[in-house]
Amino acid sequence: MKKFKLGMDVGIDLGSNSVKIYTPGKRIAFNEPTMVAVDRDTDEILAFGSDARHMLGRTPERVAVVSPVEYGRIHNFRLAETMLTAYVREVCGNRIFMPRVVVCVPSGVSEVEKREVVESLRAAGARKVCLIETIVAAALGAGLDISEPRGHMVCDIGAGTTDIGVISVNGTAVSHWIKYAGNSFNEALTEYIRKKHNLVIGPKTAELLKRELGCVIPRENILSATAKGRHAETGMPAMVTVTSEEMLDAFEEPSVRICRAVQHALEETPPALAGDLISGGGITLTGGGANLYGMDRLLSERTKLNVTVAREASLCVALGTGKAIKFMDTRDKFEKDTSPLDVYGY
């Protein structure tokens, strides 16, 4: 006979590239790609997560490996619902009560998009869903005290979007987001290598090269690595050597776009909060893109502010959703404009 447990509270970072689930006591208990393999002919779902990612680029035409989340927003409700149901059940197991969930959403999402996230999680079994802005979750995960009436600027460079915000008293005084982020660097590199070397590479190769060689300012020592793929003209397998110097050219546009977005957010920041950024911690970088070599120095040069990469930058949003769990029970004690959560369900 199966043993059933009481319900639990979880935090979910629903990203374009991965789903991370926080559970009290275990921190990041689950981290899987936001990918689903689907048979186009039968509409049957063949695999989720890592199993689906391993199939990427290696499937017949009838099988598509897709992400139901793009730019932090659900674009395929059915796939998102099925994927989240599988992930939540894997984490929560057999319980009498399904979990209460805190999940992040990007700044500026519409009420319709918020409802899609809520309904996907409710269909996955969550009895209560609380939404928190990605940038607020990132601030919490980075260890910033967002409850004080003092400005904190956070730039979260995720996979699909870069979210930028100035946070004070548990909310965003200024928020801005762009569709230039980690995936944009991969796409820029893929296009660069195709044009310069006549080599077509896959997304996995682009990600690996970015991690090994990627930089937005010159490295002290030039690094190199081999890129394998298909020759654009002959169609035959081929490989070329790529250097970190080439990365500077490939990554120029997305890095400039991110810098301009941060500058735009600073221009909209009220004077008092802008003063806090000068006298306080400046800008905190989170997200996987924060670890790109030189990103902190480039932003510091462009803004003239101190820029710090948060500890465990790629996990900050997920950790922040976990830290926000405590607000679920105290939500009613806050005025709406001072609570970091929007609550749906009971």
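This is a predicted model: local features need pLDDT of at least 70, side-chain atom pairs count only at pLDDT 80 or more; totals for chains, interfaces and linings use all residues.
Local features require pLDDT of at least 70 and side-chain atom pairs pLDDT 80 or more, whereas totals for chains, interfaces and linings use all residues. Residues are numbered from 1 along each chain as its sequence is written, and side-chain values use heavy atoms, without hydrogens or water.

The protein contains 12 helices and 19 strands, taken as DSSP runs (H or I, at least four residues, for helices; E, at least two, for strands) and numbered from the N terminus. Its C-alpha trace spans about 65 × 60 × 35 Å along the principal axes. Of its 346 residues, 49% are buried (under 20% relative accessible area, 1.4 Å probe, protein chains only).

An open sheet of mixed pairing is formed by 5 strands in the order 13-12-11-17-18, where pairing requires at least two DSSP bridges between two strands. Strand 13 (171-178) and strand 18 (307-309) lie at the edges, each pairing on one side only. Strand 11 (residues 152-157) and strand 17 (residues 283-286) run parallel and are joined by 4 bridges; M153 has I283 of strand 17 as its bridge partner.

Helix 5 (residues 182-197) and helix 6 (residues 203-213) have axes that come within 9 Å and cross at roughly 105°. Such axes are lines fitted to C-alpha atoms over the stretch in contact, with angles from 0 to 180 degrees between N-to-C directions. The two helices are therefore roughly perpendicular (65 to 115 degrees). In their contact (heavy atoms within 4.5 Å), residues of helix 5 including F185 and L189 meet A206, E207, L209 and K210 of helix 6.

How values were computed: Angles under 35 degrees count as roughly parallel, over 145 as roughly antiparallel, 65 to 115 as roughly perpendicular and the rest as oblique. Buried means under 20% relative accessible area, exposed over 50%, partly exposed in between (1.4 Å probe, protein chains only).
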